[in-house]
Amino acid sequence: MAPDAGTKKVGLIVGSLREHSFNRIIAAAIPELEESISFEPISIADLPLYNEDLDHGDGPEPVQRYREAIKRVDGIIIVSPEYNSGIPGVLKNALDWASTPSKTAALRKKPVGLVGATPGVKGTIQSQQQIRQTLEAIQAYVLPFQKMYISQVMDKVDVERRVLTDETTRKYLKRYVQQFILWIDQVHTLD
Ligand SMILES: Cc1cc2nc3c(=O)[nH]c(=O)nc-3n(C[C@H](O)[C@H](O)[C@H](O)COP(=O)(O)O)c2cc1C
C-alpha cells in the first residue's frame, strides 16, 4: 500500500565522504525545498569494504544499521559525484552491502532517485549511468526518464554558508524531488 504524502520518509545517501562535499550541500538543500515529507540522512561512512566472508547473518553492526535505515524509509535519493567517469568506490561499496541477501535486500524494490553535482561541465552523466546499472541489477525501482545533473556546482552554492543558492537549480531540484515522490506512489502498482 502506498504511504500517505504526510507520512512519507525519504533517505538521503551522499556518495562522497568529503567533509566539504558539494554533493552534501545539494543533499542538505532537498528537505528545505520539499517540506511535505520528511527526510533522513543515511551515512555510508562507517561501512566496511564489502567482503562475502563478513556477509552472514545480519552482517557487521554498521551494515545492520545502514540496512535497517534503508528499510525504514519509503524511498532513497542518492546525491553523488563522479570519479574517473564513473561511480565513486565508496558508493558502489554501499550499494553492494544493500544488495544482499538477494531476496530481502534493503534496496530491492525500493524507489530510488539520482542526483549528482560536479565542478565539471558534464553533470555526473557517466557516474549516474553506472549507478543506474548497479541499481537495476539489485532490482531497485530507479526513477525513469527524469535526470538531475548539476554542472559547475561551485558557481551554484555558497560554500561558506553551505547553501544551494542558484535559483534555477533550486527550481529543477524541487521539481525532481516532487517527481520522485509521485514515483514512490507509482511503484506500488508494480508489485
Ligand atoms: C579521483 C577523482 C576523480 C574525479 N573524476 C571526475 C570525473 O570523472 N568527472 C567529474 O565531473 N569530476 C571528477 N572529479 C572531480 C569531482 O567532481 C570533484 O572533486 C567533486 O567536488 C567531488 O564531489 P564532492 O564535492 O561532493 O566531494 C574527480 C575527483 C577525484 C578526486
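Predicted model: local features only at pLDDT ≥ 70, side-chain atom pairs only at ≥ 80, totals over all residues.
**Entry 1: the ligand site**

I began with the residues around the ligand, and found the shell to consist of Ser-16, Arg-18, Ser-21, Phe-22, Asn-23, Pro-81, Glu-82, Tyr-83, Asn-84, Ser-85, Thr-118 and Pro-119. Sorted by class, this shell holds four nonpolar, six polar and two charged residues.

Ser-16 has a side-chain N or O atom 2.7 Å from an oxygen atom of the ligand, and for Ser-21 I noted a polar side-chain atom 2.6 Å from a ligand oxygen. With Glu-82 the ligand atom is a nitrogen, which lies 2.9 Å from an N or O atom of that side chain. As for cover, the ligand on its own has 620 Å² of accessible area, and the protein covers 68% of this.

**Entry 2: salt bridges**

A search of the whole structure gave eight salt bridges, and I followed up several of them.

In one, Lys-8 pairs with Asp-185, the closest N and O atoms being 3.3 Å apart. Lys-8 lies in the segment before β1 (9-14) and Asp-185 in helix α5 (residues 167-187), so this pair ties together parts that are 177 residues apart in sequence. I compared the accessibility of the two partners: Lys-8 counts as buried because its relative accessibility is 1%, whereas Asp-185, at 29%, counts as partly exposed.

Lys-9 pairs with Glu-40, again with 3.3 Å between the closest N and O atoms. Here Lys-9 belongs to strand β1 and Glu-40 to strand β2 (residues 38-41), so the bridge ties together parts 31 residues apart in sequence. At 30% relative accessibility Lys-9 is partly exposed, while Glu-40, at 14%, is buried.

The pair Glu-61 and Arg-65 has its closest N and O atoms 2.9 Å apart. Where do Glu-61 and Arg-65 lie? Both are in helix α2 (residues 61-72), four residues apart, or about one turn of the helix. As a reminder to myself, an α-helix has 3.6 residues a turn, so residues three or four places apart point the same way. Glu-61 is partly exposed at 45% relative accessibility, and Arg-65 is partly exposed at 43%. I also noted that bridges with shared partners join Lys-9, Glu-40 and Arg-72 into one network.

**Entry 3: Ser-127**

I placed Ser-127 in helix α4 (residues 125-138), where its relative accessible area of 0% makes it buried. Its C-alpha atom is 21 Å from that of Gln-179, a residue 52 positions away along the chain.

Which residues are joined by a cis peptide bond? I found one between Thr-100 and Pro-101, with omega at about -15°. Pro-101 sits in the loop between α3 (89-97) and β4 (111-117).

Asn-84 is in the loop between β3 (75-79) and α3, and it counts as exposed because its relative accessible area is 81%, where the cut-off is over 50% with the protein chains only as cover.

Gln-139 likewise has a positive phi, near 65°, and its place is in the loop between α4 and β5 (141-142). With a relative accessibility of 45%, Gln-139 counts as partly exposed.

Terms used
Residues numbered from 1 in each chain as written. Heavy atoms only, no water. Near = heavy atom within 4 Å. Polar contact = N/O pair within 3.5 Å; in protein donor to acceptor, adjacent residues only side chain to side chain. Areas by Shrake-Rupley, 256 points an atom, 1.4 Å probe, with all protein chains shown as cover. Nonpolar A, V, L, I, M, F, W, Y, C, P; charged D, E, K, R; others polar. Salt bridge = Lys/Arg side-chain N within 4 Å of Asp/Glu carboxyl O. Helix = DSSP H or I, 4+ residues; strand = E, 2+ residues; numbered from the N terminus. Buried < 20%, exposed > 50% of the residue type's maximum accessible area, 1.4 Å probe, protein only.
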